[in-house]
Amino acid sequence: MVTGSGGCNTFRATFTRDGDRVAIGPVGATRMTCPGEGVMEQEREFLAALEAAKVWTVRDDLLDMHFADGKTRALTARPK
């Protein structure tokens, strides 16, 4: 299970992993209205990026997720 915050709402999703390959989703999230211009759109894009990620690595306490073509999709800090 993957859980976290998209900046305003919390989310959770199942995932499967095979080596450096990952499949996340479907992502479910709470549906609070977030204050601030663009916050909701940014959160939707982040959650979509989680579902689209195909390859992952962890380096220097960062989770680095990519599309299958190698382009970076999400870069997040690991909780300590």
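Entry 1: I started with α1, which has 14 residues and reaches 20 Å from its first C-alpha to its last. That is close to the 20 Å expected at 1.5 Å a residue. I kept in mind that I am reading a predicted model.

Next I asked myself: which residues of α1 are buried? I found Glu43, Leu47, Ala49 and Leu50. Looking down the axis of α1, I saw these buried residues fall within an arc of 155 degrees, so they line one face of the helix.

**Entry 2: the whole chain.** I stepped back and listed the elements, and I got one helix and six strands. From the N terminus on, I read their order as β-β-β-α-β-β-β. I also looked up burial for the protein chain, and buried residues make up 24% of its 80 residues.

**Entry 3: the core.** Which residues make up the largest nonpolar core? I wrote down nine: Val2, Phe11, Ala13, Val22, Ile24, Leu47, Leu50, Ala53 and Met65. I checked which elements supply them, and β2, β3 (21-29) and α1 each give at least two residues to this core. As a general reminder to myself, nonpolar side chains in soluble globular proteins tend to be buried together.

Leaving aside neighbours within four places in sequence, I found Leu47 in contact with Phe11, Val27 and Ala29.

**Entry 4: the aromatic pair.** I searched for aromatic pairs, and the structure holds one. The rings of Phe11 and Phe46 have their centres 6.0 Å apart and their planes at 65 degrees, so I logged the pair as edge-to-face. Where do the two residues sit in the chain? I placed Phe11 in strand β2 (residues 10-18) and Phe46 in helix α1 (residues 39-52), 35 residues apart, so the pair links distant parts of the chain.

Phe46 comes to 22%, so I marked it as partly exposed.

Methods
Residues are numbered from 1 along each chain as its sequence is written. This is a predicted model: local features need pLDDT of at least 70, side-chain atom pairs count only at pLDDT 80 or more; totals for chains, interfaces and linings use all residues. Side-chain values use heavy atoms; hydrogens and water are left out. Rings of Phe, Tyr and Trp (its six-membered ring) pair if their centres lie within 6.5 Å; planes under 30 degrees apart count as stacked, over 60 as edge-to-face and the rest as tilted. Helices (H or I, at least four residues) and strands (E, at least two) are DSSP runs, numbered from the N terminus. Buried means under 20% relative accessible area, exposed over 50%, partly exposed in between (1.4 Å probe, protein chains only). The expected span of a helix is 1.5 Å times one less than its number of residues. The arc is that of the directions from the helix axis to the C-beta atoms. A nonpolar core is a set of buried Ala, Val, Leu, Ile, Met, Phe, Trp, Tyr and Cys residues joined through side-chain atoms within 4.5 Å. Contact means heavy atoms within 4.5 Å.
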